[in-house]
Amino acid sequence: MKRDIIETIYEISEEFDVIMKNHIVINKDLNVILFAHYCSSELFSKHSYTISREVFHVNNLAKRNLKLCKIVLKRAGYKKIYTKGVFSFYGDLRPLAIKANFGKWGDNGLIVNEKYGSDFLISAIFFK
């Protein structure tokens, strides 16, 4: 049953331009699904207006994705559901992104993926 729920969430995420996604189990009953949305990582000084607009667009997509995923999990009977958006100040999602095979640690402290480089932002939904 959990596999069906995860597949449903993966399908939902396709509507919100998710470029990478993966489910991992942190411990025996705490699950997390991580999502990566494409977003240019060029320096803000070069294209600040374009980059700012893109970041806010990605944030909006990520929030809408997490909201629908939360609904699916609640309907499936999960009681404890927490989300972390792309602007989340609490908790660092990078170690989980490494575990979810989104990429490897780069020299600059960012996660670097073979296909996307560091051009993505991460959001997550935790459930138990």
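## Strand S6 and its partners

Strand S3 (residues 81-84) pairs with S6 in the antiparallel sense, over four bridges. Within this pairing, Tyr 82 has Phe 126 of S6 as its bridge partner. The model described here is predicted.

Strand S2 (residues 30-38) is also joined to S6; these two strands run antiparallel and share eight bridges. One of the pairs involved is Ile 33 with its bridge partner Ile 125 in S6. Strand S6 itself covers residues 120-127, and seven of its eight residues are buried, so the strand is largely enclosed by the rest of the structure.

## The chain as a whole

The chain contains three helices and six strands. Read from the N terminus, the order of these elements is α-β-β-α-β-α-β-β-β. The radius of gyration is 15 Å, close to the 14 Å that the globule rule gives for 128 residues, and the chain is therefore as compact as a globular protein of that length. Along the principal axes, the C-alpha atoms fill a box of roughly 45 × 25 × 25 Å.

How much of the chain is buried? Of its 128 residues, 40% count as buried. The chain exposes about 7900 Å², and carbon and sulfur atoms supply 54% of this area. Among the contacts with a separation of 6 or more, 63% are accounted for by residues 24 or more positions apart.

Helix H2 spans residues 44-75 and includes Lys 70. Asn 65 is also found in helix H2. The relative accessible area of Asn 65 is 0%, so this residue is buried. Leaving aside residues up to four places away in sequence, Asn 65 touches Ile 12, Ser 13, Phe 16, Val 18 and Phe 35.

Lys 70, by contrast, has a relative accessible area of 29% and is therefore partly exposed. Beyond residues up to four places away in sequence, Lys 70 touches Ile 81 and Ile 125. Ile 125 is the residue of S6 that has Ile 33 as its bridge partner. Lys 70 and Phe 127 are 57 residues apart in sequence, yet their C-alpha atoms are 8.9 Å apart in space.

## The cysteines

Cys 39 counts as buried because its relative accessibility is 4%. Cys 69 is buried as well, with a relative accessible area of 0%.

## Loop residues with positive phi

Asp 17 has a phi near 55°, a positive value in a residue other than glycine. This residue is found in the loop between helix H1 (2-14) and strand S1 (18-27). Its relative accessible area is 49%, so Asp 17 is partly exposed.

Asn 101 has a positive phi of about 65°, although it is not a glycine. Asn 101 lies in the loop between helix H3 (94-99) and strand S4 (104-105). With a relative accessibility of 63%, Asn 101 counts as exposed.

## Salt bridges

How many salt bridges does a search of the whole structure find? It finds three. In one of them, Arg 3 is joined to Glu 7, and the closest N and O atoms are 3.4 Å apart. Both residues lie in helix H1, four residues apart, about one turn of the helix. Arg 3 is partly exposed at 47% relative accessibility, and Glu 7 is partly exposed with a relative accessible area of 35%.

A salt bridge also links Lys 21 to Glu 14, with 2.3 Å between the closest N and O atoms. Lys 21 counts as partly exposed at 26% relative accessibility, as does Glu 14 at 45%. The side chains of Arg 94 and Asp 92 meet in a salt bridge with an N to O distance of 2.7 Å. Arg 94 is partly exposed, with a relative accessible area of 30%, and Asp 92 counts as partly exposed at 42% relative accessibility.

Methods
Residues are numbered from 1 along each chain as its sequence is written. This is a predicted model: local features need pLDDT of at least 70, side-chain atom pairs count only at pLDDT 80 or more; totals for chains, interfaces and linings use all residues. Side-chain values use heavy atoms; hydrogens and water are left out. Buried means under 20% relative accessible area, exposed over 50%, partly exposed in between (1.4 Å probe, protein chains only). Two strands pair if DSSP finds at least two bridges between them. The radius of gyration is taken over C-alpha atoms; the globule rule is 2.2 Å times the number of residues to the power 0.38. Contact means heavy atoms within 4.5 Å. Accessible areas come from the Shrake-Rupley method with a 1.4 Å probe; for residues, only the protein chains shown count as cover. A salt bridge is a side-chain nitrogen of Lys or Arg within 4 Å of a carboxyl oxygen of Asp or Glu.
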